[in-house]
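This report covers a strand pairing and a helix packing. The sequence and structure come first.

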Number of protein chains: 2
Amino acid sequence: MTAPFQFDIEAQDPDSAARAGRLHTPHGVVETPVFMPVGTQASVKALSQEDLRTLGAQIILGNAYHLYLRPGTEVLEAAGGIHRFMNWDRPVLTDSGGFQIFSLTGLTKVTRDGVTFRSHIDGSLHTFTPETAIDIQRSIGADIIMCFDECTTYPVEHGEAARSMRRTLEWAQRCRDHWRTRDSGRQALFGIVQGSVYEDLRVESAERLVEMDFPGYAIGGVSVGERKDEMLAAVEWTAPRLPEDKPRYLMGVGPPEDFLEAVARGVDMFDCVMPTRNARNGALFTSQGRINIKNRRFAQDFGPLDPACRCPVCQTYSRAYLSHLFRAGEISALRLNTLHNLFFMLELASSVREAIRHRRFGAFKQAFLQAIAA
Amino acid sequence: MTAPFQFDIEAQDPDSAARAGRLHTPHGVVETPVFMPVGTQASVKALSQEDLRTLGAQIILGNAYHLYLRPGTEVLEAAGGIHRFMNWDRPVLTDSGGFQIFSLTGLTKVTRDGVTFRSHIDGSLHTFTPETAIDIQRSIGADIIMCFDECTTYPVEHGEAARSMRRTLEWAQRCRDHWRTRDSGRQALFGIVQGSVYEDLRVESAERLVEMDFPGYAIGGVSVGERKDEMLAAVEWTAPRLPEDKPRYLMGVGPPEDFLEAVARGVDMFDCVMPTRNARNGALFTSQGRINIKNRRFAQDFGPLDPACRCPVCQTYSRAYLSHLFRAGEISALRLNTLHNLFFMLELASSVREAIRHRRFGAFKQAFLQAIAA
């Protein structure tokens with residue numbers, strides 16, 4: 001018998017910090033490293049839940065800010081939670097909404113207590129505190145929920161980054177206290193490391209969060225415009241200070257190459273809108289690098305998108321047909337492109353797990369990066 | 001052994017002109033009465049071909065005007081025809097583009113020889129003649145192709161309707177001559193009855209076309225703004241004058257109630273964008289009549305869209321979830337709504353065939369119409 005959120009490390013790469021594990025949740029086991037498709041509004045854009053099952057998605061993301069506004073916690077509670085609402089019986093993770101509130105809304109006031117903001121939909125006024133962010137995520141009912149964090153912009157001065165990180169630590173403590181008095185063991189709360197591009201702040205944030213003892217830890221405040229080496233530095237300063245036996249989640253990352261580099265530095269969980277957003281813009285992953293399907297050179301290319309890909313789209317349609325659908329503005333292009341790009345990321349994660357288990361992660365990573373750069 | 005386009009009447013309703021039949025084509029048999037989903041640009045909007053197979057679509061429509069502009073006949077020929085291009089191995093019918101040219105384009109010149117128009121995409125200048133319309137449809141490679149017709153607006157004076165109908169007859173003869181010298185037996189050409197709302201013109205058009213001896217006949221010039229009784233009158237004047245042993249196709253019709261009324265008057269084939277277009281606007285068919293899913297009253301309605309429906313959407317998602325997806329602007333709403341509405345029409349056609357075969361079409365029609373009016 002395993003505890004609801006036990007995390008087992010099954011294999012450790014001898015040449016890097018990469019590890020393969022199994023994260024138990026009330027809705028099943030997630031094999032790590034894992035890529036989590038983003039389903040902001042209880043829907044991965046352009047796909048159905050049957051599509052997600054076909055692709056082999058193990059866990060998907062929702063967003064507390066978006067779901068609070070639409071459909072609202074009242075509807076989600078009446079439905080019996082997000083799993084029933086969207087008919088998805090595998091694990092779900094919700095972000096607390098901090099990032100969205102700081103990036104999407106008309107902010108009106110940020111105090112030590114919380115944040116007052118205007119909805120990006122109708123301008124209505126709302127307040128999130130660490131406590132309400134937890135309550136909202138309890139109503140949504142995801143398996144993994146996140147602390148409410150203040151997100152700084154990039155770039156940000158050291159002083160402001162320090163002030164913000166320490167407020168996020170205060171909020172993390174309040175989230176943890178509130179969650180612990182209410183949790184029935186069905187939801188795991190993750191802390192979020194902040195501190196921007198400053199090593200001392202990242203270290204302080206990680207160490208203080210670890211003292212609070214969370215079931216898992218995220219590295220936040222990345223994918224906000226910083227350089228790739230800055231993002232990887234944030235991982236390098238942080239990951240070794242997080243407990244070996246707890247899952248580590250790098251928020252909002254990323255492209256295949258960043259995924260591999262972060263796995264090599266000990267990260268277990270990833271989410272990113274890039275595969276799905278790129279797909280809707282016609283930018284598609286292949287084992288030989290990225291292509292844009294709307295390019296005229298594909299008009300009479302009757303081969304598959306990626307001859308090496310086993311996804312349902314590559315088995316069925318030609319580049320010429322996909323290019324036509326995209327240029328003709330057909331809605332089906334959005335779904336087919338999304339299916340392909342998500343399959344690519346999920347397959348990459350699956351291959352990474354296999355490589356780690358078979359002690360050939362370094363070779364796999366090198367070969368993959370060489371092929372897409374060719 | 002049956003000829004490529006043999007049409008067998010299997011059952012004749014004793015109380016109406018409704019009949020159930022089997023139309024053989026090089027890509028398989030189409031059971032009639034049949035509803036044909038519209039796939040204008042080699043894609044039924046929001047769906048994949050796998051979706052169409054799941055729904056049980058027997059035959060789909062393409063449009064010569066749209067396909068000529070995009071992807072173009074060169075691409076379709078290089079692909080080996082529309083079936084291979086879109087990976088659809090069941091029958092396809094293409095409209096000649098007459099209706100689209102007269103309704104969508106900047107017309108520049110209509111002569112006895114043909115029509116010069118400007119593309120609705122980029123304003124470029126093109127000319128269709130009866131002969132080029134056949135050649136384009138030969139490049140596309142549909143199983144059933146249509147004569148090039150001049151489409152009048154509604155309302156139109158008798159004199160203008162007569163002139164236009166007679167020009168369409170001339171063009172029909174030229175289409176037939178051109179097709180017959182080039183056809184290898186893989187494409188059936190249908191004539192199109194015109195004549196607007198005038199009985200004498202509809203009769204003249206039908207009788208002259210029958211003299212030309214086509215493999216099938218369409219009733220065109222409907223769904224252009226006329227009243228429902230005018231549309232049904234056009235069917236009543238025409239259908240009895242068309243050969244018993246040839247399929248009859250009512251172009252651009254229609255809603256479930258019109259479908260039933262036209263079947264009762266002897267029509268075998270139908271197409272209409274209404275189920276798919278309505279779906280994308282949130283207007284959904286149910287066995288109890290139409291609903292608009294964006295209505296707030298569905299926000300906490302956790303039952304299926306239509307409890308009587310066996311479609312994949314009604315088996316999987318609630319009204320509340322579908323309503324949320326639509327109001328939140330999710331792309332997946334367009335596909336799920338389309339799946340449901342098309343299933344509804346295809347299931348209706350299937351039930352109609354069963355009812356005719358079991359000599360209970362009249363009772364079925366009455367019960368269906370009463371239920372949706374309730």
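Two strands count as paired if DSSP finds at least two bridges between them. Helices (H or I, at least four residues) and strands (E, at least two) are DSSP runs, numbered from the N terminus. This is a predicted model, in which local features need pLDDT of at least 70, side-chain atom pairs count only at pLDDT 80 or more, and totals for chains, interfaces and linings use all residues; side-chain values use heavy atoms, with hydrogens and water left out. Residues are numbered from 1 along each chain as its sequence is written, and chains are lettered from A and ligands numbered from 1 in the order in which they are written.

In chain B, three strands make an open sheet, ordered E7-E8-E9, with antiparallel pairing. Its edge strands, E7 and E9 of chain B, each pair on one side only.

| Edge strand | Residues |
|---|---|
| E7 (chain B) | 106-110 |
| E9 (chain B) | 125-128 |

E7(B) is joined by four bridges to E8 of chain B, residues 115-118. Within that strand, B:Thr116 is the bridge partner of B:Lys109.

In chain A, helix H6 (residues 130-140) packs against helix H7 (residues 158-182) at about 45 degrees, with the axes 8 Å apart. Axes are lines fitted to C-alpha atoms, for helices over the stretch in contact, and angles run from 0 to 180 degrees between N-to-C directions. H6(A) is therefore oblique to H7(A); angles under 35 degrees count as roughly parallel, over 145 as roughly antiparallel, 65 to 115 as roughly perpendicular and the rest as oblique.
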